[in-house]
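Please look over the model below with its aromatic rings in mind. My notes follow it.

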Amino acid sequence: MKLSVFYEHIRDTAGQSGLSLEEICTLVKSFGIDALEMDADRFKAEEGSILPLLTKTGLTVSCMYGFFDFGHIKSSEAKEQITSFLSMASRAGASRVLVIPGFLGEHEQDPASGEYQQCVRSMKEAVAAMCAAAKPLGITVGMEDFDDSSAPFATTAQLLSFVEEIPELSCFFDTGNFLYSGEDVLEAYSRCKPYIGYVHCKDRTFEVHPGEEPKLTVDGRAMYAIPAGSGCIPMRELVTDLLTSGYDDTFVIEHFGAQDQLAYMKQSAEWLLNLRKEVLGG
């Protein structure tokens, strides 16, 4: 089992704890976490300090993720952005990228409308172009079930419409995001399983965390961050099935909004590593 965590969580920890980024990265490494998920905009702004930090602490970049607006820009501009994005991923040593291809405007929300269909078509064309450009670089492109109603890839059916139409696109399965859309995560997992190439281990809770800003579901319920294995998502069942089915790639620890990121990272890593030992032994 390989573990990764978002670099933004490490930055949040610096603000919460007063520790330096190097001290936090060293602690994260001691938890059994070897890699990071890197925001492309963050890397673009801070590449000169990020790369030496990773070298010094022994961490690598597992995946770079980027936000785009492929539904509303010209194909020539999309091509330039794709080239720049993949170049950064290569410099960071990332073997995969997560693309968030864009969001719908208010007038584009109706799936039956021409505006919706044109926007999604443009997104798919750009994502397919990214997959083609990434392949010779040895980089895998993936998309996740993004928890935003203006993302036309938030639900299982929407995400699969991209993954099934673009053969080289991988499903980066986020365990906590289907709850946002009111979907059953086990049913979503069953449908997405043939395409899963990467996993975000995000748990959720409806228990109120005072002082923490929640994520609201489409029906208005407030969800809060929680360490993996301690919330309402059937994490044990999902991770166990992945392990016994032969998934031996990375499990990404994710809990944006947590007030104690360091404790959450440690607890999530311990839970995942202990479950791996329980399921597979050794």
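1. Basis. This is a predicted model, where local features need pLDDT of at least 70, side-chain atom pairs count only at pLDDT 80 or more, and totals for chains, interfaces and linings use all residues. Residues are numbered from 1 along each chain as its sequence is written, and side-chain values use heavy atoms, without hydrogens and water.

2. Ring pairs. The whole structure holds 11 aromatic pairs. Rings of Phe, Tyr and Trp (its six-membered ring) pair if their centres lie within 6.5 Å; planes under 30 degrees apart are stacked, over 60 edge-to-face, the rest tilted.

3. Phe 67 and Phe 146. The ring centres are 5.8 Å apart and the planes stand at 85°, so this pair is edge-to-face. Phe 67 lies in strand S3 (residues 60-67), and Phe 146 in the loop between strand S5 (140-143) and helix H6 (156-165), so the pair ties together parts 79 residues apart in sequence. Helices (H or I, at least four residues) and strands (E, at least two) are DSSP runs, numbered from the N terminus.

4. Phe 67 is partly exposed, at 42% relative accessible area. Phe 146 is buried, at 13%. Buried means under 20%, exposed over 50%, partly exposed in between (1.4 Å probe, protein chains only).

5. Phe 172 and Tyr 198. This pair is tilted, with 5.0 Å between centres and 50° between planes. Phe 172 is in strand S6 (residues 169-174) and Tyr 198 in strand S7 (residues 196-201), 26 residues apart. Both are buried.

6. Cluster. Phe 6, Tyr 65 and Phe 256 are linked by ring pairs.
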